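Subject: The structure, and what turned up in it

Hello,

Here is the structure I promised to hand over. Please open it first, then read my notes beside it.

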Amino acid sequence: MTRVDRQPDVAAPDSASGTAGLSAADGLDLLGTMWRIRALEERVGQLKRADEVYGLVHLSIGGEGVAAAVCRQLLASDAVYSGHRAHGHALAQGAPSDRLMAELMGRDTGLCRGLGGSMHLVDLEHGFFGATGVVGGNLPLALGTALAAQLRGGTDVTVSFFGDGAVQTGAFHESINLATLWKLPLVFVCENNGMAEFTPRSAHTTVARVSDVVAPYGLERATVSGSDVGAVWDAFGAFKHAARGGEGPFLLECLTHRRRGHYEGDADSYREADEAEWERQDPIARLTERGIADGWLTPQTRDSLEAQARAEIDAATEFARRSPYPPPELPAQLTCAQDGAA
Amino acid sequence: MTQTTYVRAVCDALARAMQADERVIVLGEDVAEGGPYTATAGLAERFGRERVRNTPISEGTVAGVAVGAAQAGYRPIVEIMFIDFVTLALDQLANQAAKARFMSGGQLSVPLVMRTQGGAGQRGGAQHSQSLESWLAHIPGLKVVMPSTAIDAAGLMTSAIADPDPVVFVETKALYFLREEIDGEPPAVPIGVARTFREGSDLTIVATARMVSRALEAADRLAADGIEAEVIDPRTLVPLDVDTITASVSRTNHLIVVEEAVSSMGFGAEIAAIVQHAAFDDLDAPVERVGAPFTPVPVSPRLEDAYLPDADAVVQAARRVLSLPGAVR
């Protein structure tokens with residue numbers, strides 16, 4: 001049902017290095033993380049159709065590799081911001097799946113006590129400062145945490161995830177300008193799935209590559225295939241390492257395939273299905289193939305990673321279903337601080 | 001006693017906060033140069049350009065930087081040079097800063113202060129003279145402070161910087177260089193407490209910012225006719241000191257609300273609604289609003305002067321609510 005409308009010059013470049021930077025342990029960890037995201041997202045789609053998950057829900061199926069390869073290299077002391085398609089980023093950054101699912105189901109046990117929902121996940125304990133429902137809205141905030149890290153000294157970095165649709169906002173251009181001016185320890189990670197909501201990138205801009213958009217600012221940048229997890233791992237790892245040393249900012253553009261419509265319930269009638277393209281781009285299938293070829297993965301291990309992930313999401317769903325809804329007084333209690341303490 | 005000005009009092013309060021707490025930083029266009037009104041003069045020299053940071057003309061992103069830095073534990077004070085340009089930062093203010101605590105279930109705090117200044121009277125034209133504070137007061141999660149004197153500006157700034165939530169601090173350009181006597185370091189003024197400038201038993205006048213002095217001038221003129229007006233400055237629009245206002249109306253039985261902003265859909269309407277609900281039986285007349293007409297602020301001197309509410313307008317409103325002879329409708 002899906003076909004990515006790619007212009008020829010944005011075809012995903014295959015990484016020559018493959019998984020060169022990935023150890024067997026890293027590979028297994030990434031594959032397990034991707035399965036957890038896939039299992040979560042597939043279940044969320046089902047629960048949305050069953051009206052158990054509320055609101056506007058945007059799934060990241062096809063983008064699991066970017067979330068895993070970036071967040072699994074970060075620490076809880078780092079700061080991560082994301083946009084409206086954020087479930088995978090939160091999970092990969094360490095958010096527990098049961099509280100994440102409870103949040104999507106509007107429960108008091110959710111990460112945000114049911115007041116955030118799908119587009120506004122926050123898990124401060126793991127450095128996930130949060131998602132936003134306003135495209136481009138969180139880009140400036142990432143400069144703020146990066147500035148705080150720079151003023152404090154130390155090695156904390158900030159990562160800001162956003163889609164290619166955000167690149168056409170004024171906030172993006174202002175943020176790239178100011179982040180480069182102030183040399184902030186910040187990695188901008190653009191998931192370029194070639195679609196801004198219902199329409200292809202070519203309908204929004206004449207600049208195909210996001211890394212070209214920022215060229216005049218002189219920041220170091222790279223474009224990799226987001227379906228090639230090893231390539232994302234290597235490219236992000238290098239930027240992160242430099243940012244921990246106080247350099248920055250950096251921009252990493254990951255070309256991804258959006259498997260689902262813009263949101264769950266979107267008829268996706270504006271694209272033609274392309275199963276062959278999905279088979280080429282599925283980041284889980286590609287890493288699985290690579291792991292078996294490189295000898296760190298067996299079919300049995302692959303099956304068990306998927307089974308573990310699905311069992312975890314089953315349990316998370318049951319946890320959420322058993323959880324109470326937030327009390328009616330909660331909104332008034334959390335609009336402003338109650339005790340005067342920050 | 002020493003002499004200060006409103007803008008000097010703001011600047012001194014910023015300096016005291018920066019001296020007391022390293023997490024306090026100042027961001028904005030030309031702030032390290034002191035800004036067009038000298039509100040940050042000398043801070044960069046004293047605290048360095050790391051903490052007093054000039055920014056590009058990117059109000060939206062600079063506001064967002066303050067939100068992120070606040071979430072990371074800093075106490076940013078971001079200056080929007082004219083309140084008219086708050087329009088460019090509204091996404092950050094309304095969608096990010098105001099809702100972060102709520103949407104995160106209480107995990108995030110945004111202890112930032114957005115300093116800005118509004119009001120007309122300097123021939124700035126329709127894009128540099130607006131009074132937009134009521135817009136901001138309509139957003140749950142923001143506090144809105146609007147002092148009318150130097151001592152209150154200083155005391156409220158201290159409280160705003162210490163506040164755990166985002167505070168929009170609306171200064172008034174026409175008040176910046178008025179001289180005022182102060183005695184020592186101004187004490188902190190709690191957010192959400194009104195100040196009664198003049199006591200009276202016949203009429204309550206609630207006025208904000210520059211309109212406080214015009215209300216006091218009107219009260220003096222009314223006193224010459226034997227009418228005693230009570231003049232209250234709420235000082236903060238959100239949270240609002242409803243009790244002080246309604247208690248006064250319960251004694252005076254008459255209310256006028258005076259603001260520089262256009263009256264329509266504004267702060268005065270909100271006060272009128274609150275008071276008619278809380279003290280309906282105490283009111284002897286409909287609440288009167290005095291504000292600007294529903295047009296943009298004109299730049300031409302005679303038009304701008306006519307546009308702004310003055311003491312005459314307040315006196316006329318008092319005559320109407322008190323049903324005195326000669327009241328003009």
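Where in chain B does R235(B) lie? R235(B) sits in the loop between β11 (229-233) and β12 of chain B. One word of caution before going on: this is a predicted model.

**Two residues with positive phi**

R235(B) is not a glycine, yet its phi is positive, about 65 degrees. R235(B) is buried, because 26 other C-beta atoms lie within 10 Å and the cut-off for buried is 20 or more.

K183(A) is not a glycine either, and its phi is positive at about 55 degrees. Look for K183(A) in the loop between α6 (170-182) and β4 (186-192) of chain A. Is K183(A) buried or partly exposed? K183(A) is partly exposed, with 14 other C-beta atoms within 10 Å.

**Two cis peptide bonds**

In chain B, the peptide bond from V238(B) to P239(B) is cis. Its omega is near -10 degrees. P239(B) belongs to the loop between β12 (236-238) and α9 (242-252) of chain B.

In chain A, a cis peptide bond joins G248(A) and P249(A), with omega about -5 degrees. P249(A) is placed in the loop between α8 (229-244) and β8 of chain A.

**Chain A as a whole**

Chain A has 12 helices and 8 strands. Its C-alpha trace spans about 55 × 50 × 40 Å along the principal axes. Of the 342 residues in chain A, 57% count as buried.

Contacts also reach across the sequence. Take the contacts in chain A between residues at least 6 apart in sequence: 77% of them join residues at least 24 apart.

R259(A) lies in the loop between β8 (250-255) and α9 (275-281) of chain A. R259(A) is buried, because 21 other C-beta atoms lie within 10 Å and 20 or more is enough to count.

**Helices in chain B**

Start with α1(B), residues 6-20. This helix has 15 residues and reaches 21 Å from its first C-alpha to its last, close to the 21 Å expected. Its buried residues include Y6(B), V10(B), L14(B) and M18(B). What do the buried residues of α1(B) pack against? Their partners in chain B are β1 (2-5), β2 (24-28), α2 (43-47), β4 (75-80), α7 (150-162) and β7 (167-172).

Now α4(B). Its buried residues are D91(B), Q92(B), L93(B), Q96(B) and A97(B). Their cover includes a piece of the other chain, α5 (139-152) of chain A, along with α3, α5 and β5 (113-118) of chain B.

**Where the chains meet**

How many residues does the contact take from each chain? It takes 34 from chain B and 36 from chain A. On the chain B side, α3 (59-71), α4 (90-97) and α5 (100-103) each supply at least two residues. α3(B) gives the most to that side, with 9 residues. By class, the chain B side has 13 nonpolar, 17 polar and 4 charged residues.

**Two domains in chain B**

The contact takes 24 residues from domain 1 of chain B and 22 from domain 2 of chain B. On the domain 1 side, α6 (133-137), β6 (143-145) and α7 of chain B each supply at least two residues. That side divides into 11 nonpolar, 9 polar and 4 charged residues.

**The nonpolar core**

The largest nonpolar core has 201 residues. Among those that touch the most other members are V187(A), V232(A), V10(B) and I256(B).

V232(A) is worth a click. Beyond its neighbours within four places in sequence, V232(A) is in contact with G65(A), V66(A), A69(A), V70(A), V224(A), G226(A) and C254(A).

Best wishes

Key. Residues numbered from 1 in each chain as written. Chains lettered and ligands numbered in written order. Predicted model: local features only at pLDDT ≥ 70, side-chain atom pairs only at ≥ 80, totals over all residues. Helix = DSSP H or I, 4+ residues; strand = E, 2+ residues; numbered from the N terminus. Buried ≥ 20, exposed ≤ 12 C-beta atoms within 10 Å, placed from the backbone. Contact = placed C-beta atoms within 7 Å. Nonpolar A, V, L, I, M, F, W, Y, C, P; charged D, E, K, R; others polar. Expected span 1.5 Å × (residues − 1). Core = buried A, V, L, I, M, F, W, Y, C linked by C-beta atoms within 7 Å.
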